[in-house]
Amino acid sequence: PPYPGMMDYATAQRLSYYWLGLDPEAALSDELGARRRRARKDSLERYTVDIALALDATVALLKPGGYLCLILPMFAAKSADPRQDALQAVLDGLKGKEIDVVWMGQRNLPTGRRQLNQGWATLESERIVIYRKGVSR
């Protein structure tokens, strides 16, 4: 899913939009986690609500036995970044749904990748969570 406040996805992927014959400007209003909205007071609250709705719809579309993989940013514990709390709320919101965690891991991001994007400069690692939709539910 989109990371909160780290990238303007439609703008970053505008060439893909053009290649598909779509208008990236039309996607701006529906974009989740957009960096350009990070200064809004309700930015993280809206992100949490919007991404929860998107994940609920995704889980509903999964067939029994199907998998969902989430790759989420992990912010340094020393930074006390409020985005980490928003991401934890997203994960907590999936508890008790029709899916179960089957694997959780972490990957460290290469310094070079982080230096290419200022929004990612402080992001050192990502959390990977794989869920499976219950077969017998």
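Tutor: We shall take the terms in turn and set each value against its definition.

Tutor: This is a predicted model, in which local features need pLDDT of at least 70, side-chain atom pairs count only at pLDDT 80 or more, and totals for chains, interfaces and linings use all residues. Residues are numbered from 1 along each chain as its sequence is written, and side-chain values use heavy atoms, with hydrogens and water left out.

Student: How many helices and strands does the protein have?

Tutor: The protein has six helices and three strands, arranged α-α-α-α-β-α-β-α-β from the N terminus on. The names denote DSSP runs numbered from the N terminus: helices are H or I with at least four residues, strands are E with at least two.

Student: Why are β1 and β2 said to stand at the edges?

Tutor: The open sheet has the order β1-β3-β2, with antiparallel pairing. β1 (67-74) and β2 (99-108) each have a single partner strand, so one side of each lacks a neighbour in the sheet.

Student: Which strands does helix α4 touch?

Tutor: Helix α4 (residues 43-61) packs on the sheet and touches β1, β2 and β3; contact means heavy atoms within 4.5 Å. Helix α5 (residues 82-94) also touches β1, β2 and β3.

Student: Why is L94 called buried?

Tutor: Buried means under 20% relative accessible area, exposed over 50%, and partly exposed in between (1.4 Å probe, protein chains only). L94 has 3% relative accessibility and therefore counts as buried. L94 lies in helix α5 and touches L55, V59, L70, I99 and Y131, not counting residues up to four places away in sequence. The C-alpha atoms of L94 and L55 are separated by 8.1 Å, although these residues are 39 apart along the chain.

Student: Why is L22 called partly exposed rather than buried?

Tutor: L22 has 46% relative accessibility, so L22 counts as partly exposed. L22 lies in the loop between α2 (14-19) and α3 (24-27).

Student: What share of the residues of the protein counts as buried?

Tutor: Of the 137 residues of the protein, 37% count as buried.

Notes:
Pairing = 2+ DSSP bridges. Axes fitted to C-alpha atoms, helices over the stretch in contact; angles between N-to-C directions.
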